[in-house]
Amino acid sequence: SPDKQSKIKARLSDKFSVEQLKLAIDGNKCSPYHQGENENKTIYDSIDLIFRNTTKTEEFIEDFCKFNP
């Protein structure tokens, strides 16, 4: 969708590489909380969330590194 494309393009313009964006997606998949192990049993894995802003993208990259030492 155009909104998702816009979020991805924004992170690329923030100087994230394509590889880093892939790591952020993988980091989301590694996070038990974001994969439904939370009080609502809800999966939070949307592109809108992962690429919401620079901070969120960095957090998911860090999650990947934390769960894949």
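A polar contact is a pair of N or O atoms within 3.5 Å; within protein, one atom must be able to donate a hydrogen and the other to accept it, and residues adjacent in sequence count only if both atoms are side-chain atoms. Helices (H or I, at least four residues) and strands (E, at least two) are DSSP runs, numbered from the N terminus. Asn-53 caps the N-terminal end of helix H4, with a side-chain oxygen 3.1 Å from the backbone nitrogen of Thr-55. The model is predicted: local features need pLDDT of at least 70, side-chain atom pairs count only at pLDDT 80 or more, and totals for chains, interfaces and linings use all residues. Residues are numbered from 1 along each chain as its sequence is written, and side-chain values use heavy atoms, with hydrogens and water left out.

Helix H4 has 14 residues, which should span 20 Å at 1.5 Å a residue. The expected span is 1.5 Å times one less than the number of residues. The end C-alpha atoms of H4 are 20 Å apart, in agreement. Burial was assigned from relative accessible area (buried under 20%, exposed over 50%, partly exposed in between; 1.4 Å probe, protein chains only). Thr-57, Phe-60, Ile-61 and Asp-63 are buried in H4. Seen down the helix axis, the buried residues of H4 fall within an arc of 150°, so they line one face. The arc is that of the directions from the helix axis to the C-beta atoms. These buried residues pack against helix H1 (2-13), H2 and H3. Contact here means heavy atoms within 4.5 Å. Glu-62 and Lys-66 are exposed on the other side of H4.

Side chains of opposite charge can pair when their charged atoms come close. A salt bridge was counted where a side-chain nitrogen of Lys or Arg lies within 4 Å of a carboxyl oxygen of Asp or Glu. By this rule there are 4 salt bridges. Among them is the pair Glu-59 and Lys-56, whose closest N and O atoms are 3.4 Å apart. Both residues lie in H4 (residues 54-67), 3 residues apart, and so are separated by about one helical turn. Glu-59 is partly exposed, with a relative accessible area of 35%. Asp-63 forms a salt bridge with Lys-66, at 3.6 Å between the closest N and O atoms. This pair is also 3 residues apart in H4, or about one helical turn. Asp-63 is buried, at 14% relative accessibility. Lys-66 is exposed, at 55%.

The side chains of Lys-29 and Asp-45 also meet in a salt bridge, at 3.0 Å from N to O. Lys-29 lies in helix H2 (residues 18-30) and Asp-45 in the loop between H2 and helix H3 (47-50), so the pair ties together parts that are 16 residues apart in sequence. Both partners are partly exposed, Lys-29 at 45% relative accessibility and Asp-45 at 34%. Leaving aside neighbours within four places in sequence, Lys-29 is in contact with Gln-35 and Asp-45. The C-alpha atoms of Lys-29 and Tyr-44, 15 residues apart along the chain, are separated by 9.4 Å.

The structure holds 0 disulfides, a disulfide being a pair of cysteine sulfur atoms within 2.5 Å. Cys-30 is in no disulfide. The sulfur of Cys-65 is 9.5 Å from the closest cysteine sulfur, in Cys-30, too far for a bond. Cys-30 is partly exposed, with a relative accessible area of 24%. Cys-65 is partly exposed at 46%.
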